[in-house]
Amino acid sequence: MSKLTVPVNDKDHVIGDAQAPVTVVEYGDFECPYCGQAHPIVNKLLIDLGDTVRFVFRNFPLSEIHPHARTAAYAAEAAGLQGKFWEMHNLLFENQDSLEDHNLVSFAYVLKLDVERFIRDIDSEAVTQKVHDDFWSGIRSGVNGTPTFFINGDRHDGSYGYASLRRAIEQIAHKAAKEKGVAI
Amino acid sequence: MTKVDTCITLEPGTEAPDFSLKITPDQKLSLSDFEGHPVVLVFYPADFSPVCSDEVALFNEVLPEFQKYNAQIVGISVDNVWSHLAFGEDHNLHFPLLSDFHPKGEVSQDYLAYIEDEGESARAIYVIDREGIVAWAYIAPIGVNPGADGALKAIEGLTEGRYTNER
C-alpha cells in the first residue's frame, strides 16, 4: 500500500481544521482534465463533510504532456506568496483551456495581486523549489497518475468519483474515531 | 478486489529473458543491446488508454532521474509500431516503446506480465541490472497504476548491491 512519505507540514496549502480526523492530500496537475473533473468533487466533499476533513493540495505537473502545467503550478505558488493560493488554484482549474502566460497574469489582476511581484515570484527559487519538492514527494509516495489522493497517508486506489471518495473518507474517519474511543 | 502483492513476478536474482522487439517498422531492439546499463521495463496494457497520466507518462517525467544512474527505460505493450510511433509523439516520450505484437504478448508472457483474458500486457515493472539480472519486479493489481517509486528505489539500490522486491 503506497504511503505518503512527506507528512503535511507548514509549507503546505491546507483548507480545514488541523484537528480534523481525516486529512486528504491531492497531488494534482492544473492542466490535467481529470484533475479538472475532480475539482468540483473535492469542493463538494469539503462542504458536505465539514470538520471531518482537512484538505491539502500538492503540485504534480506532468510537464511533458501538459506544456502549461508547470507554469500554472508556479502561478498558484506565486499567488500563495501573496496569500491567495486557493483563489488561484480555483481559477486555474476553472479555466484549464486558458493557461497561457498572459492568462496567468490576467488571473493575477483578477485576484488583485501585486502583479509585478507575482511575475517576479513565478520564476523565483522559492516557487520553483516548492513545485519541485511537491512533485518528488509525490513520486516517492507512489503517486501513479493525476489526480492521486492520499487519505490519512494511504494512497486511495478507488475512483475519485464523489461516492468513492466520500465512502473512503467516512470509513477512515470511523476507524480514527474508534481508535480514539470517540463516538462520531 | 485483487490484493496487492499477489501478482507473481520473475524472482530477483534470475536472469532476465532476452528479447528482440520492433521499435520502428524496420528496427528491433534487444535486451542484450543494453548490456552494461540498468534497464527498466515498463509493461502497460495499451497506447492511448483514456488516462493522461498512465505509468508511461509518469516514467517519462522522471526519466532524467533514472538517467543519472545510466539506466534506460523502455515501454512494452502489444500495440504495433505505428500505434507506438503516434503515441510516443503524442506523449512527447523520450524513451523507446517496444512492440510485443507478434507473436502476440510473447515477451510479456516470458515476464509473467500478460493478461490472457484481455489480450494485453499487465501493468508491470522490471528493473534489470547491468549484467542482465532481474533486480526488482512488480506487477500491479488490475486497475492500479504502479507508480515510479519502487523502480526508483531499486535503481538506487543497484549501486549499493541490494536486490529485493520490497517496496
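Over all chains of this predicted model, a search of the whole structure finds 18 aromatic pairs, that is, rings of Phe, Tyr and Trp (its six-membered ring) with centres within 6.5 Å. In chain A, ring pairs join Phe30(A), Phe55(A), Phe57(A), Phe85(A), Trp86(A) and Phe93(A) into a cluster. Another ring of chain A, that of Tyr162(A), has the charged end of Lys44(A) over it, 5.1 Å from the ring centre; the rule requires NZ of Lys or CZ of Arg within 6 Å of the centre and within 35 degrees of the ring normal.

Residues are numbered from 1 along each chain as its sequence is written, and chains are lettered from A in the order in which they are written. Local features need pLDDT of at least 70, side-chain atom pairs count only at pLDDT 80 or more, and totals for chains, interfaces and linings use all residues, while side-chain values use heavy atoms, with hydrogens and water left out.

Between the two chains, 23 residues of chain B are in contact (heavy atoms within 4.5 Å) with 23 residues of chain A. Together, chain B and chain A bury about 1,800 Å² (accessible area lost with a 1.4 Å probe, summed over both), and 57% of it lies on carbon and sulfur atoms.

The rule finds one salt bridge across this interface, taken as a side-chain nitrogen of Lys or Arg within 4 Å of a carboxyl oxygen of Asp or Glu. Arg140(A) forms a salt bridge with Glu156(B), and their closest N and O atoms are 2.7 Å apart. On the side of chain B that touches chain A, helix H1 (55-67) and helix H4 (149-159) of chain B each supply at least two residues, helices being DSSP runs of H or I with at least four residues. H1(B) gives the most to that side, with six residues.

Notes. Rings of Phe, Tyr and Trp (its six-membered ring) pair if their centres lie within 6.5 Å; planes under 30 degrees apart count as stacked, over 60 as edge-to-face and the rest as tilted. Buried area is the accessible area (1.4 Å probe) that two parts lose on being put together, summed over both.
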